[in-house]
Amino acid sequence: MHRSCLSTSDMLRFFVFVCCLRLGRRCVLLLSVLLSGLLGIMSCLSNSPSAFPFFRLCQGSTLAGVFLSSYIARLEWCDPPHRLMVSMVSGFFAVFAELLLPGFAVLCRDWPVLQAVATLPLLLLLSYWCCASVFPESPRWLMATSQIRQAKKCLQSFSAQNGMCVSDELYPAETLLSEIDEVFPEDIQPEYHHVVELRHTRVIWKNCLILGFTLFIGTGIQYCFTRNLHIYSPHFYFSYFLRVLTGALACIFLCVSVDRFGRRGMLLLAAIVTGLSSLLLLALTQYLHGGLVLVLSVVGLLSSQALAMLSVFFGSEVMPTVVRGGTLGLIMAAGCVGMAASSLMELQNNGGYFLHHVIFASFAVLSVLCIMLLPESKHKPHSSEYNRDNYSRLVTATKKMLTKDALPYKISISPQAPLLASNGTAPDANDDSS
């Protein structure tokens, strides 16, 4: 019941994160932390059997805002060559938290106590409200939405903390703040955009649908592999810890391979391995030795988790900054539908498992063809080492974005011009994702 409630509440990720297009990453995080903390306290104090799952459902929807706003903020704070490592490090923290959860459950021995232990860190995050330097607003989003005054303050704060003098010349005849003044007029008004504006482009919709489809498969097909693990051990902890450990291995695998072989190539490999493992288990389970079934299940579980992780990361890279929140929310909402499908199978006591396996195995094969339509992300590591001055390049990237008329998602000051052109074809279509 607990897992089903969380899966259902996570389907509200998209609706929560649509607000992030208007309110910003920092505001959505703080609001989500506040609401989730209050709902967690109400869950602790609830004595009604019906009120407790309701509060948990609401808390799960607000926690989706915490996860998504922090994920995108981390991505937009760092330079493109280091985004993969930052995302995978956050994945290791999630794995560590899942490993600790059963231990806390054993120590607490009661749902209200465990709920209180899980809510306490959320209340500590409210300290971010008083200290903006700990969790600042994304300067990329501020500049993309023409909030120039706030963007200047944020960049000045970053420069001061990094020990970089903003008056020094970073490039010939350019400085960090004067370049912004050259691009933006003094009386420019903020421009906010909604995810419905994506109807003006085919490219972004195509990428969003494909990555949402692959994430849906990566989350939904995991049940087909974890079900086979119960044969070897009836205890819940065996399949739970094995799933968590394969998630950690998937993070390591992505860290060492994605930057070398590319995002699309590794996504394609993960989809192929997932589909092959699922098809072999579907057709040959009764003929295979028990050890081979276990190996195929573990390999399929690892590749499906890598497919899900890389789909989210790939989507955050190829989507433009101005609509990154809404598009990533759509992608992750599709993934939560797959999680809900697995939870429904457990609630029905494996009723319809064969049909569930057939459908997701077929989808996994179909996803291989869809991934071929994705573009490769241009943001790969370069040979030069990172230094603290490299962050200022976001200004140059933003200037390039705003001055190229051929870009399908060019921001226009004129309110009549659409955010995204209908043709959706441009050679530098991925540059805005920086």
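1. Contacts first: in the protein chain, 81% of the contacts with a separation of 6 or more are between residues 24 or more positions apart, a contact being heavy atoms within 4.5 Å. The chain has 18 helices and zero strands; these are DSSP runs numbered from the N terminus, helices being H or I with at least four residues and strands E with at least two. Of its 434 residues, 50% count as buried, meaning under 20% relative accessible area, with exposed over 50% and partly exposed in between (1.4 Å probe, protein chains only).

2. A word on provenance. This is a predicted model, where local features need pLDDT of at least 70 and side-chain atom pairs count only at pLDDT 80 or more, while totals for chains, interfaces and linings use all residues. Residues are numbered from 1 along each chain as its sequence is written, and side-chain values use heavy atoms, leaving out hydrogens and water.

3. Have a look at helix α9, residues 148–161. Ile148, Ala151, Cys154, Leu155, Phe158 and Ser159 of α9 are buried. Those buried residues fall within an arc of 135° seen down the axis, so they line one face of the helix (the arc is taken from the directions from the helix axis to the C-beta atoms). An α-helix has 3.6 residues a turn, so residues three or four places apart point the same way. On the face of α9 turned away from the buried side sit the exposed Arg149, Lys153, Ala160 and Gln161.

4. Next, the pair α15 (residues 290–318) and α16 (residues 324–347). Their axes come within 9 Å and cross at roughly 160°, with axes fitted to C-alpha atoms over the stretch in contact and angles running from 0 to 180 degrees between N-to-C directions. The two helices are therefore roughly antiparallel (angles over 145 degrees count as such; under 35 is roughly parallel, 65 to 115 roughly perpendicular, the rest oblique). Val312, Gly315, Ser316 and Glu317 of α15 make the contact with Arg324, Leu328, Ile331 and Met332 of α16.

5. Histidine 357 lies in helix α17, residues 353–371. Its relative accessibility is 3%, so it counts as buried. Neighbours within four places in sequence aside, histidine 357 is in contact with Cys224, Ser278, Leu281 and Leu282.

6. Finally, leucine 245 in helix α13, residues 236–261. Leucine 245 counts as partly exposed, at 45% relative accessibility.
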